[in-house]
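Try each task before you read its solution.

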Amino acid sequence: MLEDRATAVSSPTQWPAAYPQGYAVVDVETTGLARDDRIISAAVYRLDARGEVEDHWYTLVNPERDPGPVWIHGLTSETLAGAPLFADIAEEFAARLEGRVLVAHNAVFDWQMIAREYARVRREAPVRQRLCTIALSKELALPLPNHKLESLAAHFGVVQQRAHHALDDARVLAEAFRPSLRAAAAGGVRLPLLECRPLTEWSDRPVPRQASGGYGGYRAGGWRPSRKRPACPYPNPGRYEDGKRLKQGMRVAFSGDTSTERELLEDRAVEAGLHVATSISRLTSLLVTNDPDSGTSKTVKARQYGTPIVDEAAFGQLLGDVEPADE
């Protein structure tokens with residue numbers, strides 16, 4: 001059993017009554033990060049109220065399209081050809097989520113991918129709350145160098161065997177979540193639970209298959225598109241305001257380490273209609289950073305200009321509901 005290195009406590013005798021009664025630690029591998037991308041594998045570790053593992057489950061999923069970045073997840077078209085469709089595993093997947101809090105690293109991404117898959121088969125995922133382990137590590141003030149899963153795992157002495165394999169990523173996260181949960185319970189920390197709102201309808205846009213096995217202009221060895229991104233077609237509506245939605249055309253800059261590959265995060269922003277800026281100016285609408293107190297040139301300039309700053313998890317949530325540009 002993994003030794004809990006977050007605190008000296010093992011399992012608090014007085015467990016917070018408001019804590020959930022069970023958790024589903026989830027990881028999904030996907031064809032990419034856009035709204036039309038698909039799940040190609042999924043894993044769930046079910047945990048009880050105190051974070052002890054009850055069971056685990058894993059499946060491949062045939063996305064009915066190009067598998068995307070094979071050089072990252074290792075799942076080829078040939079491997080996925082005989083896998084079940086999402087519609088075939090939706091019921092079993094739902095049974096493992098039912099009545100539990102969905103736990104994931106950068107949970108808004110996993111939740112959005114799952115919600116879209118269920119919407120495609122005209123169902124709703126039985127999830128009402130999610131917990132992001134990035135947000136929890138911040139609540140616990142864990143001394144992590146960045147917010148990557150590998151850093152969280154290393155902090156708790158969890159050995160990762162197959163990065164970007166859904167089952168192993170879910171195992172690693174489950175083992176790191178257990179001591180995090182106990183530390184939170186011992187300290188009376190309120191868990192950063194967020195509401196999940198299932199999609200109720202879906203309309204797919206056609207996604208062409210790549211005869212060469214490529215992925216929509218992406219190339220092995222990096223996620224940066226092989227051609228220059230087109231200019232943002234929308235005017236800059238100004239700065240982001242706390243509590244409001246992002247709006248197409250806003251200029252967004254990134255600084256520091258992110259749990260999602262930087263290029264992927266930037267591509268998600270572009271696909272949502274935002275302008276990705278490489279530097280900070282008075283026209284910048286928002287800076288995304290997981291370390292706002294760092295002394296990087298971007299964070300320093302953002303403070304000078306009064307540019308709003310949010311972390312990666314908050315930005316992920318904002319990306320799910322970007323306001324259209326004015327016509």
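**Exercise 1.** Find which side chain makes a polar contact with the side chain of Ser285, and work out the setting of Ser285.

*Solution.* 
- Step 1: The partner is Asn236, whose side chain sits 3.2 Å from that of Ser285. A polar contact is a pair of N or O atoms within 3.5 Å; within protein, one must be able to donate a hydrogen and the other to accept it, and residues adjacent in sequence count only if both atoms are side-chain atoms.
- Step 2: The Ser285 side chain also reaches the backbone oxygen of Gly238, at 2.7 Å.
- Step 3: Ser285 counts as buried because its relative accessibility is 0% (buried means under 20% relative accessible area, with a 1.4 Å probe and protein chains only).
- Step 4: Ser285 belongs to the loop between strand 8 (275-277) and strand 9 (286-289); strands are DSSP runs of E, at least two residues, numbered from the N terminus.

This is a predicted model, where local features need pLDDT of at least 70 and side-chain atom pairs count only at pLDDT 80 or more, while totals for chains, interfaces and linings use all residues. Residues are numbered from 1 along each chain as its sequence is written, and side-chain values use heavy atoms, leaving out hydrogens and water.

Methods
Helix = DSSP H or I, 4+ residues; strand = E, 2+ residues; numbered from the N terminus. Buried < 20%, exposed > 50% of the residue type's maximum accessible area, 1.4 Å probe, protein only.
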